[in-house]
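Look at the chain below before reading on.

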Amino acid sequence: MKAIVNVRLKKGVLDPQGRAIAEALRGLGFHEAEDARVGKVIEIEIDETDPERGAARAKEMAAKLLANPVIESWTVEIAA
């Protein structure tokens, strides 16, 4: 099964890359782009048949390696 881990900066954490993207979009004429936040998506193939166990293992992976729990939050989605 495939686990999809979405990692994002927590609210209140400065995102200079997101700010640069928003400014560039406005410079290209997309004036409605008020803000942007940058995250990452990690797809992991997991050798597991039970979706609940697969999600639990992916959450452990996120907590231990894939995200910095001080400044980032994450969600896990299991794709069939």
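A salt bridge is a side-chain nitrogen of Lys or Arg within 4 Å of a carboxyl oxygen of Asp or Glu. By that rule, the structure holds four salt bridges. Side chains of opposite charge can pair when their charged atoms come close. The model shown is predicted, so local features need pLDDT of at least 70 and side-chain atom pairs count only at pLDDT 80 or more, while totals for chains, interfaces and linings use all residues. Residues are numbered from 1 along each chain as its sequence is written, and side-chain values use heavy atoms, with hydrogens and water left out.

Start with the salt bridges around Arg53. Arg53 pairs with Glu48, where the closest N and O atoms are 2.9 Å apart. Arg53 also pairs with Asp50, and here the closest N and O atoms are 3.7 Å apart. To say how open such residues are, we use relative accessible area: buried means under 20%, exposed over 50%, and partly exposed in between, with a 1.4 Å probe and protein chains only. Arg53 has 47% relative accessibility, so it counts as partly exposed. Asp50 is partly exposed too, because its relative accessible area is 25%.

Another salt bridge joins Glu60 and Arg57, at 3.3 Å from N to O. Both residues lie in helix H2, three residues apart, which is about one turn of the helix. Helices (H or I, at least four residues) and strands (E, at least two) are DSSP runs, numbered from the N terminus. An α-helix has 3.6 residues a turn, so residues three or four places apart point the same way. Glu60 is partly exposed because its relative accessibility is 34%, and Arg57 is partly exposed because its relative accessible area is 45%.

Now consider helix H2 as a whole. H2 covers residues 51-66. The expected span of a helix is 1.5 Å times one less than its number of residues. For a straight helix of 16 residues this would be 22 Å, but H2 spans only 20 Å between its end C-alpha atoms. At the start of H2, a side-chain oxygen of Asp50 reaches to within 3.2 Å of the backbone nitrogen of Glu52.

Which residues of H2 are buried? They are Gly54, Ala55, Ala58, Ala62 and Leu66. Seen down the axis of H2, these buried residues fall within an arc of 95° (taken from the directions from the helix axis to the C-beta atoms), so they line one face of the helix. On the other side of H2, Glu52 and Lys64 are exposed. The cover over the buried residues of H2 includes strands E1 (2-9), E2 (39-45) and E3 (72-79).

Some of these residues belong to a nonpolar core, which is a set of buried Ala, Val, Leu, Ile, Met, Phe, Trp, Tyr and Cys residues joined through side-chain atoms within 4.5 Å. The largest nonpolar core has nine residues: Ala3, Val5, Val7, Ile44, Ile46, Ala58, Ala62, Leu66 and Ala67. E1 and H2 each supply at least two residues of this core. Contact between residues means heavy atoms within 4.5 Å. Not counting residues up to four places away in sequence, Ala67 touches Val7, Ala62, Glu72 and Trp74.

Ile4 lies in E1 and is buried, because its relative accessible area is 15%. Beyond four places in sequence, Ile4 touches Val41, Ile42, Glu43, Thr75, Val76, Glu77 and Ala79. Leaving aside neighbours within four places in sequence, Asn6 is in contact with Lys40, Val41, Ser73, Trp74 and Thr75.

The side chain of Lys2 makes a polar contact with the side chain of Glu43 at 3.3 Å. A polar contact is a pair of N or O atoms within 3.5 Å; within protein, one must be able to donate a hydrogen and the other to accept it, and residues adjacent in sequence count only if both atoms are side-chain atoms.
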